[in-house]
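Please have the sequence and the structure open while reading.

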Amino acid sequence: MTDLSFDGRAFINGERIAARDGQTFDCLSPVDGRLLTAVARCGEADIDAAVAAARAAFEDRRWSGMAPAQRKRVMIKFAEQLIAHADELALTETLDMGKPVKYARSVDVNSAANCIRWYGEAVDKVYDEIAPTPSTALALITREPVGVVGVIVPWNYPMIMAAWKIAPALAAGNSVVLKPSEKSPLTALRLAELALAAGIPPGVFNVVPGYGAEAGSPLALHMDVDCIAFTGSTRVGKQIHVMAGQSNLKRAWTELGGKSPNIVFADCPDLDKAVEAAVGSIFFNQGESCNAPSRLFVEASIKEAFLEKALKLVPQYQPGNPLEKSTVMGAIVDRTQLDTVLRYIDSGQQEGAKLLAGGAAVEPVKGGLYVQPTIFDGVTNTMTIAREEIFGPVLSVLSFTDTADVVKQANSNIYGLQAAVWTRDINKAHGVARALRAGTVHVNSYDEDDITVPFGGFKQSGVGRDKSLHAFDKYTETKTTWIRIDSPL
């Protein structure tokens, strides 16, 4: 099945079409460097066409006007389409961005399908409100779809990130224009075809591939887009907010970077579990996760024992061919990102951190882009590798002796996406969790949540929340209808 053929054309108004000017770019696999396909290099004219199609679909209510129960059934069919094409989608994701195919299948496809199904099920279960009023009035508080939603997603979890945004947006009755990352556009384009097959009408879900400056910016600046939802870097996220304000003051929601602290106290209830979570979470998806626990704070009295156990696990994460089911760490998405990771590794060494494992590029598959799982000890909170998001399999280990000080260090960062604390002391667990400035705090675990809880960050990790019923807040307007009642009774 590795000889799949791919269609890189845009998907607008229910049809595959080339970019208006005919331009394309090469989609190369980080697995082995092969050319997967030429992808439409869309620009402003293509964004205009997609937005026009989305606006027409919204205005004639072909989707938003459906009965909620009917819209729910279509969303569930959409989710079922993903499962029916799971092997194809997983292989596409692996070839496109390098993650191990076993995780693309078990995590990415399943999570995306579950997300779409969950929001579909929620369609006819979220009620509006009636406010308490005098007998002379009836006040209705209702949610309405915002209209046309622009979505821009990154390359690290292409299907999941798309699902987190398009599922609640579609479930609420909006039309969507999605711009996937130019580094991993293929599954997004396939999702649009599967949505159409499931019964989502033409024009409701459009996918326009291209580069950020050429397609992403026109989408964020578009005067007929009512809302823009973005996941990516903090640098670009700031630009998205500026463009939203410069244009039509569209709602702008961003899920951005992270430098998540993982704090392990000496009274950790299960040191082996804490080690496995710390190592497994930073090396999962090649470290290309915004919520990766890249800053590991270990209480000084147990640090030596912790690192001894951690280093024994590192060989399990040596990168291999992502197409083999035994591989647990795959390829870095492209040459630019690989060079970025290697530059941070060099920075860590130059600034005095002690390299305990990894630190080099390798080539388990000829022509591919891979880097060893890397662990630094002796890191301080002022070092570049402890301050900046690397987006690669690099773990920085710091030690501490005082609870108040480690919380201060953990919070001393521009990001506030996720965190964890490991302790058997319930008072310490609650106290530290409350003090950490992060959107999600795990206690005696890492990254074990699901679709029912919101995901997003404090500070420069973004604005708004994905997942859970809270995501509907981003894609709906709240309307009050005050009805005067002059009753004869």
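**Pockets and salt bridges**

The largest pocket holds about 980 Å³ of space. The model is predicted. The second largest pocket has a volume of about 630 Å³, and the structure holds 30 salt bridges.

**Largest pocket**

- The lining of the largest pocket consists of 37 residues, and those nearest its centre are Trp 155, Gly 232, Ser 233, Arg 235 and Val 236.
- Two or more lining residues come from each of α7 (212–221), β10 (227–231), α8 (234–246) and α11 (335–350).
- With 6 residues, α8 gives the most to this lining.
- Sorted by class, the lining of the largest pocket has 16 nonpolar, 14 polar and 7 charged residues.

**Second largest pocket**

- The second largest pocket is lined by 24 residues; Val 107, Trp 164, Asn 291, Asp 447 and Asp 449 lie nearest its centre.
- The elements that give two or more residues to this lining are α4 (101–122), α5 (158–171) and α9 (271–283).
- The element that gives the most is α4, with 4 residues.
- By class, the lining of the second largest pocket divides into 13 nonpolar, 6 polar and 5 charged residues.

- Asp 466 is found in the loop between β23 (462–463) and β24 (476–484).
- Asp 466 counts as buried because its relative accessible area is 2%, which is under the 20% cut-off.
- A polar contact of 2.5 Å joins the side chains of Asp 466 and Lys 474.
- Asp 466 also forms a salt bridge with Lys 165, with 3.0 Å between the closest N and O atoms.
- Lys 165 lies in helix α5 and Asp 466 in the loop between β23 and β24, so this pair ties together parts that are 301 residues apart in sequence.
- Both Lys 165 and Asp 466 are buried.
- Beyond its neighbours within four places in sequence, Asp 466 is in contact with residues including Trp 164, Thr 231, Glu 255 and Phe 455.

**Other salt bridges**

- Side chains of opposite charge can pair when their charged atoms come close.
- Asp 108 and Lys 99 meet in a salt bridge through their side chains (2.5 Å, N to O).
- Asp 108 is buried, at 0% relative accessibility, and Lys 99 is buried, at 0% relative accessibility.
- Lys 479 pairs with Glu 144 in a salt bridge whose closest N and O atoms are 2.9 Å apart.
- That pair links distant parts of the chain, with Lys 479 in strand β24 and Glu 144 in strand β6 (residues 137–145), 335 residues apart.
- Lys 479 is partly exposed, with a relative accessible area of 36%, and Glu 144 is partly exposed, at 32%.

How values were computed:
Residues are numbered from 1 along each chain as its sequence is written. This is a predicted model: local features need pLDDT of at least 70, side-chain atom pairs count only at pLDDT 80 or more; totals for chains, interfaces and linings use all residues. Side-chain values use heavy atoms; hydrogens and water are left out. On a 1 Å grid over the protein atoms alone, a cavity is a set of points where a 1.4 Å probe fits but cannot get out, and a pocket is an open set with protein on both sides within 12 Å along at least five of seven lines; lining residues have an atom within 4 Å of a point. Grid points are joined across faces, edges and corners, and a volume is the space filled by probe spheres set on the points. Ala, Val, Leu, Ile, Met, Phe, Trp, Tyr, Cys and Pro count as nonpolar, Asp, Glu, Lys and Arg as charged, and the others, Gly among them, as polar. Buried means under 20% relative accessible area, exposed over 50%, partly exposed in between (1.4 Å probe, protein chains only). A polar contact is a pair of N or O atoms within 3.5 Å; within protein, one must be able to donate a hydrogen and the other to accept it, and residues adjacent in sequence count only if both atoms are side-chain atoms. Contact means heavy atoms within 4.5 Å. A salt bridge is a side-chain nitrogen of Lys or Arg within 4 Å of a carboxyl oxygen of Asp or Glu.
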